[in-house]
Amino acid sequence: MTQDSSATPGVQPLLGMTLDQLQQLCAAEGMPRFAAKQICDWLYAKHVDSIDAMTNLSLKNRSRLKEMAVIGRHAPVECQVSRDGTKKYLFQKSDDPSQFIESVFIPDGDRGTLCVSCQAGCKMGCRFCVTGMQGFHGNLSAADILNQIFSIPEFDCLTNIVFMGMGEPMDNLDNILHSTEALTAPWGLGWSPHRITVSTVGIIPGLRRFLDESQCHVAVSLHNPFGSERQEIMPMQRAYPIADVVALLRKYDWSGQRRISFEYTMFKGLNDDTRHAAELVRLLKGLYCRVNLIRFHSSPDTPFKTSLPKDMERFRDYLNDHGIICTIRASRGEDIMAACGLLAGKNQ
Ligand code: SF4
């Protein structure tokens, strides 16, 4: 694959640009308007990795484009493979190669899911999360987000994308929306938005905009239904209480194909008893949703412990018995630190 760099001043990556943005760029450079559509076709349908490959653009326009733009593709610098077939890719941040981000490919029968990152590190400071412990080291551009998808060997067998890697999507929303638009628009990959899930701790202004502007599925990290207890592990609860997040979600229609799910990582003795299950039922009552229980993956730096399997099953059964669809999410890639909450770039 051609390696190009958008770190050069005045040079911008084309990957991640929307048709609108490309039309503006073509107009500014004196190129015909239809060239924008041609560039989209080369970028997204044919996924070329060099401007020279865009052979229906005139030589003059290709040269002009090469002076001020690059494709924005770069290969992962490392790949680790788990015993269970999960693969963790390490990428450099293109505008700051000292920063690394990770993506995780999870094969499962005829499904291939890629978990992508949207920031280097994270500002949210969730106390159980290895990414959160690193602090924040910058937003990923739409090009760096899409590069994780376009530059892995499994690109052609991807069926689903989840924005659940490093970072909080609602804290880098413009780039998330440009990326999901490129994945779903007819001028882009043309995927159904229901193949894409974007997660959030519940940053209400960003979530509201995302719900209005996108049709992708949403996953809210809940982890404790009691505000005072949630705040102990998720500082953003103070600014955006989970009750307010759920109140916002109730204003949207979830009876169609678009799905809302709640991620609930289970910590032994902290959020895994019937009191929590009952409060969760109360909080979510009447909302068409599902709850995914996630086994906590213990790391040496946290005081938290993993819930016992029997307690997770009891919790799941309680929710199902009380009308909330609940499943225990299979854990993948734990041996290569690729499981939920364990992504750390090069800093682990
Ligand atoms: Fe950030 Fe998500 Fe980790 Fe919280 S769990 S610190 S939002 S990456």
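## Gly 190 and its loop

Gly 190 sits in the loop that links H6 to strand S10 (196-200); helices (H or I, at least four residues) and strands (E, at least two) are DSSP runs, numbered from the N terminus. This is a predicted model, where local features need pLDDT of at least 70, side-chain atom pairs count only at pLDDT 80 or more, and totals for chains, interfaces and linings use all residues. Residues are numbered from 1 along each chain as its sequence is written, and side-chain values use heavy atoms, with hydrogens and water left out.

With 46% relative accessibility, Gly 190 comes out as partly exposed (buried is under 20% relative accessible area, exposed over 50%, partly exposed in between, with a 1.4 Å probe and protein chains only). Leaving aside residues up to four places away in sequence, Gly 190 touches Leu 183, Thr 184 and Ala 185, contact meaning heavy atoms within 4.5 Å. Ile 325 is 135 residues away along the chain, and its C-alpha lies 30 Å from that of Gly 190.

## The sheet

There's an open sheet of ten strands with mixed pairing, in the order S3-S4-S5-S6-S9-S10-S11-S12-S13-S14. Strand S3 (78-81) and strand S14 (325-328) are the edges; each has a single partner strand, so one side of each lacks a neighbour in the sheet. From one strand to the next, the twist averages 20 degrees.

S10 and strand S11 (residues 217-221) run parallel, joined by four bridges (two strands pair if DSSP finds at least two bridges between them). Ser 199 has Ala 219 in S11 as its bridge partner. H6 lies across strand S9 (160-163) and S10, at about 170 degrees to S10; axes are lines fitted to C-alpha atoms, for helices over the stretch in contact, and angles run from 0 to 180 degrees between N-to-C directions.

## H5 against H6

Helix H5 (residues 142-150) and helix H6 (residues 173-184) have axes that come within 8 Å and cross at roughly 45 degrees. That makes H5 oblique to H6 (under 35 degrees is roughly parallel, over 145 roughly antiparallel, 65 to 115 roughly perpendicular, the rest oblique).

On the H5 side, Ala 142, Ile 145, Leu 146 and Ile 149 meet an H6 set including Asn 175, Ile 176 and His 178. The contact residues split into seven nonpolar, three polar and no charged (Ala, Val, Leu, Ile, Met, Phe, Trp, Tyr, Cys and Pro count as nonpolar, Asp, Glu, Lys and Arg as charged, and the others, Gly among them, as polar).
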